Amino acid sequence: MTTEELKAEVAKYKWYHYIDLGDGIVTPGIPLFRPICDWIGQTVAASGVDYAGKKVLDIGARDGLHALRAESKGASAVVAIDNDLSAAARDLVLPHLKSKIELRHQNLYDLTEKDEYDIVQFFGVLYHLRFPFNGLKKVVQVTKIGGVIMIETGMLTHPLLSQLEILWCPSPKNTPYDPSSVAFFNEAGLVAAMESFGCERAGNTEYFWDQGGGNTYRGLTIFKKTSNIVHGYWEGLHTYHSRFAHERSDWKPDAP
Ligand SMILES: C[S@@+](CC[C@H](N)C(=O)[O-])C[C@H]1O[C@@H](n2cnc3c(N)ncnc32)[C@H](O)[C@@H]1O
């Protein structure tokens, strides 16, 4: 494809990400989100996460910027999913860059893998979920024990609430972001939720930008999956976990 032909192809699509296609051509993403995309890349790089030889899942990949970065850093395989697939990524970016990324039109909730990925990138999606705990559970389910989960999302940062583990679920009418943004954990709430899925935080939450104009900053936290344990009271069938279970002579606590 000549440079002029490539420019003409780029002009056919609506873009979210700025992606360098070579020959001085960069896709025209949404200016408002360019700084957060750049910041995510810088923050991940500064964290020292090592992609070499790793199997990576990028959830909510949009035009593929963060999946491409993982591939360029040496990931052995990259799967990128989005429930609103970017035709630009599928038809132009990935073929043009000869990327081996497996791009799927798929909802996070429909992932079926178990303990599969070394690194899961979950950038800019969690605050869009109406079922955020189900989403986090899936994210953890698909990650290997010992694997890394990077969560970038809109966070509730109101200082008076920082001691409480909070998930704020505003109605679409009352959200500080766009109407599809309906789930804002605070830092304590996100850490508590991830711990209950068997994950430990692997660093401080880094904050960037108050996108909502008051106490809802974008923040990135890295977790490590250390076990598959979910407390047995919260799902499935159980015999020993009721409030009075400790009074039974055969009661035993959950295995650690
Ligand atoms: C704000 S964009 C973020 C794009 C990219 N991850 C980034 O950080 O630059 C959110 C993306 O997540 C996708 N998304 C939202 N909910 C999803 C879900 N349940 N499963 C898969 N993708 C989802 C949207 O279609 C959109 O492309």
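**Aromatic pairs and the ligand site**

The count comes to ten aromatic pairs. The rule: ring centres of Phe, Tyr and Trp (its six-membered ring) within 6.5 Å, with planes under 30 degrees apart stacked, over 60 edge-to-face and the rest tilted. Take Trp-168 and Phe-184: a tilted pair, 5.5 Å centre to centre, 40° between the planes. Trp-168 sits in strand β6 (residues 167-168) and Phe-184 in strand β7 (residues 184-185), so the pair ties together parts 16 residues apart in sequence. Strands here are DSSP runs of E, at least two residues, numbered from the N terminus.

A word on provenance. This is a predicted model: local features need pLDDT of at least 70, side-chain atom pairs count only at pLDDT 80 or more, and totals for chains, interfaces and linings use all residues. Residues are numbered from 1 along each chain as its sequence is written, and side-chain values use heavy atoms, leaving out hydrogens and water.

Which polar contacts does it make (N or O pairs within 3.5 Å)? A side-chain N or O atom of Arg-62 is 2.9 Å from a ligand oxygen. A polar backbone atom of Phe-123 is 2.8 Å from a ligand nitrogen. Asn-83 places a backbone N or O atom 3.3 Å from a ligand nitrogen.

Terms used. Polar contact = N/O pair within 3.5 Å; in protein donor to acceptor, adjacent residues only side chain to side chain. Helix = DSSP H or I, 4+ residues; strand = E, 2+ residues; numbered from the N terminus.
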